[in-house]
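Colleague: Could you take me through the aromatic rings in this one?

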Amino acid sequence: MVGTVRQDPGVEGVDGGVGVTALLVAAARALETHRDDSLARDVYAEHFVRAAPASAGWPVRPHQVPGGDANPLWGRFARYFGLRTRVLDDFLLRSVRADARQVVLFGAGLDARAYRLDWPEDCVVFEIDRAGVLAFKHKVLGGLSARPTARRVPVPVDLGADWAGALAEAGFDATVPTAWLAEGLLFYLPPAVETRLIETVDGLSAPGSALAYEVKLERDLLEYRDSTLYTATRDQIGIDLLDLFDGEPRPDSAGDLTGRGWTTSVFTPFEFTHRHGRGPLPEQNDALEGNRWVFADKAATPPAPAL
């Protein structure tokens with residue numbers, strides 16, 4: 001094992017604990033689903049929120065939010081997660097409509113993409129996460145008689161362990177182009193674990209594969225301790241996100257991928273706000289200012305070796 005992957009607070013009554021941050025994103029997706037100008041729909045999200053004692057009283061409909069969109073947590077921050085969901089949904093669907101026939105979701109949490117997106121008939125979705133999280137998800141979705149729209153393969157393993165071996169045992173085929181997704185994950189990981197993850201993804205990726213992930217720019221996280229997004233999250237649901245983030249210097253994973261022959265593009269969330277006409281915009285002392293969404297593609301035709 002390389003490093004220790006940080007765990008966020010567990011939810012009482014669930015085997016192994018469901019991270020409260022996973023429930024936070026589920027609540028944001030539920031709110032986004034019921035907005036009149038919704039960017040993404042996830043009809044399962046509110047059921048995850050209601051099933052966990054720690055989040056049972058959280059809002060899942062816009063009219064339940066105190067202060068409405070002016071609420072920093074359930075307004076602006078939730079809208080950020082809604083925008084991120086839409087952008088990464090689009091990334092995955094583009095990938096599988098091109099070359100990819102496998103999808104790997106790192107830290108899948110309460111992501112219901114295997115159930116709610118329109119996948120090609122031959123697509124396989126692998127969900128990597130802790131056993132307790134996947135068991136909770138299975139229980140909630142089973143109670144709804146939900147059926148996946150692709151072949152869904154849970155892979156219960158910690159990212160600090162041999163997840164590549166577990167993925168192979170679950171049926172992953174490294175000769176098939178893959179769409180990889182690490183949504184809202186890497187800034188919780190020790191740098192060595194992130195570096196190993198990127199190196200392993202490269203080694204397991206056939207030409208035509210694609211990767212998307214989220215990072216924060218290298219800077220002192222304490223600079224944003226008083227950001228309204230973080231203070232509202234602490235005050236309203238008791239999560240100090242900065243305590244969960246790994247504070248060690250981050251690796252240049254985008255540069256590493258470029259050096260390995262991938263084509264990479266880096267965007268701010270606000271660029272997608274302008275593209276879609278809704279979502280968060282910059283503000284003073286903004287905790288979102290350093291967030292970046294990275295997209296990488298491994299050429300379907302490898303370049304000829306240099307002479």
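Modeller: A charge sits over a ring if NZ of Lys or CZ of Arg is within 6 Å of the ring centre and within 35 degrees of the ring normal. The model is predicted, so local features need pLDDT of at least 70 and side-chain atom pairs 80 or more, while totals for chains, interfaces and linings use all residues. Residues are numbered from 1 along each chain as its sequence is written, and side-chain values use heavy atoms, without hydrogens and water.

Colleague: Which ring does Lys216 lie over?

Modeller: Lys216 is over the face of Phe187, 5.9 Å from the ring centre. Likewise, Arg275 places its charged end over the ring of Phe267, at 5.9 Å from the centre.

Colleague: How many aromatic pairs are there?

Modeller: The structure has 21 (Phe, Tyr or six-membered Trp rings with centres within 6.5 Å; planes under 30 degrees apart are stacked, over 60 edge-to-face, the rest tilted). One of them joins Phe77 to Tyr80, a tilted pair with 6.3 Å between centres and 35° between planes.

Colleague: Which residues do ring pairs link into a cluster?

Modeller: Phe77, Tyr80, Phe81, Phe91, Phe267, Phe272, Trp293 and Phe295.
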